[in-house]
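Please keep the sequence and the 3D view open while reading.

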Amino acid sequence: MSSALVLLNPFSGGGRAAKLEEAIRTRIRTDHPGARFVVAGTIPEAHALIEDTPPDARIVLIGGDGTINRMLPPLVRTTRELGIVPLGSGNDVARALNLFTLAWPEALAHALTAPATTIDAGVVTFGEREVPFLACCTCGFDSAVALRALNGPRWLRGLPRYLLATLKELLFLRHWNLTVHCEGKPLRAGTALFASALNTPSFGSGIPAVPHASINDGKLDLLVAGRFSRASAMVMLPRLLMGTHLSDARLHTNAFTGIEIHASPDVPIAVDGEYLGEAPHLMIDVLPASLRVVARSPSAPTSESVTAA
């Protein structure tokens, strides 16, 4: 690694990241003087900064899943390395990499100095768009919840923000007619609440949607929910939060490398909690071993000061 660029998203965590700017700047100046620190402006400006770094540079992103998602295009399928300091609202990528429990000074040091490993990413294609993702691509109810969460109160972060958005969306409970083909073969067809593809075990700020999912197995994991009433969805929610929901016959999981979904009416789509819009047809594919990231061993000791910063 010849250089390091540290990018801070000041809007992450409802603006919490911005309040740490001077502390982070000072820490980098004193402990990591070889790193360049930049407060991210527009997405094109941030992409240009990344693309101007050497091919073997390390890019450290300070923010959450949305920040990581927006910066994926100049990172995925390249030799640049990604380090993460989790200061967002969801942080499901950081959870999968065992970084979530680190206070920001520890996470920063780890992101700048620890070795990188290779993980998978995903990509969703619809219309003329091709959008990479690292945690999940959701279609249906979960995407509508993601939109509500993005527009939720700034003071509410993490799981409470997602749960409030979920409860609001339940008032307008919608279903879609989804036809899913997996590896070119028919898999499921009929009424569904959502169909989501996960690369990480959790989404929505730590909800263990597919607890057995792995970020480096060369596959994504599909989770389809059939028809649910408001009452049955409310009953299912606590099971989902505890990761005991997969025994329900209305839920289906399937590991895959590529799926194709046809929807009627048009289904809302989101990646890593970022709302993309609606479409009648989409394809989701795994990008195996396409990203170099700085992870952390599951057996590593955890910080006692997760929220102290």
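A289 is exposed, with a relative accessible area of 54% (exposed means over 50% relative accessible area, buried under 20% and partly exposed in between, with a 1.4 Å probe and protein chains only). The residue lies in strand β14, residues 274–293, and its phi is near 50 degrees, a positive value in a residue other than glycine. Strands (E, at least two residues) and helices (H or I, at least four) are DSSP runs, numbered from the N terminus.

This is a predicted model, in which local features need pLDDT of at least 70, side-chain atom pairs count only at pLDDT 80 or more, and totals for chains, interfaces and linings use all residues. Residues are numbered from 1 along each chain as its sequence is written, and side-chain values use heavy atoms, with hydrogens and water left out.

**Confidence**

- The chain has an average pLDDT of 90, and 94% of the residues score at least 70 (pLDDT is the predictor's confidence in each residue, from 0 to 100).
- Within the chain, confidence is highest in strand β5 (residues 117–126), at a mean of 98, and lowest in helix α8 (residues 158–170), at 78.
- For residues 303–309 the pLDDT is below 50, and this stretch has ten contacts in the model beyond near neighbours in sequence (contact means heavy atoms within 4.5 Å).

**Backbone geometry**

- N91 also has a positive phi in a residue other than glycine, near 60 degrees.
- N91 is found in the loop between β4 and α5 (92–96) and is buried, with a relative accessible area of 4%.
- The peptide bond from S264 to P265 is cis, with omega near -5 degrees, and P265 lies in strand β13 (residues 258–271).

**Nonpolar cores**

- The largest nonpolar core has 47 residues, of which V6, L7, I24, L82 and L134 touch the most other members (a nonpolar core is a set of buried Ala, Val, Leu, Ile, Met, Phe, Trp, Tyr and Cys residues joined through side-chain atoms within 4.5 Å).
- Apart from its neighbours within four places in sequence, I24 is in contact with L8, F37, I62, L87 and W104.
- A second, separate core of 28 residues includes F126, V131, L220 and I261.
- In soluble globular proteins, nonpolar side chains tend to be buried together.

**Helices and what covers them**

- In helix α3 (residues 43–51), the buried residues are A46, H47, L49 and I50.
- These residues are on the same side of α3, because they cover an arc of only 160 degrees around the axis (the arc is that of the directions from the helix axis to the C-beta atoms).
- The cover over the buried residues of α3 includes β1 (4–8), β2 (36–39), β3 (58–63) and α4 (65–70).
- Helix α6 (residues 104–113) has W104, A107, L108, H110, A111 and L112 as its buried residues, and what covers them includes β1, α2 (21–31), β3 and β4 (81–86).
- Seven of the ten residues of α7 are buried, so this helix is largely enclosed by the rest of the structure.
- The buried residues of α7 are F141, D142, S143, A144, V145, A146 and A149.

**Single residues and their contacts**

- S143 lies in helix α7 (residues 141–150) and is buried, with a relative accessible area of 0%.
- Leaving out neighbours within four places in sequence, S143 contacts T138, P268, I269, A270 and Y275.
- From C-alpha to C-alpha, S143 and P268 are 5.7 Å apart in space, while in sequence they are 125 residues apart.
- S12 is found in the loop between β1 and α1 (16–19) and counts as buried at 6% relative accessibility.
- Not counting residues up to four places away in sequence, S12 touches A17, I62, G63, G64, T67, L87 and G88.
- H252 is found in strand β12 (residues 251–256), and its C-alpha atom is separated by 5.7 Å from that of L223, 29 residues apart along the chain.
- H252 touches L187, R188, L222, L223 and V224, again not counting residues up to four places away in sequence.

**Aromatic rings**

- R95 lies over the face of F100, at 3.9 Å from the ring centre (a charge sits over a ring if NZ of Lys or CZ of Arg is within 6 Å of the ring centre and within 35 degrees of the ring normal).
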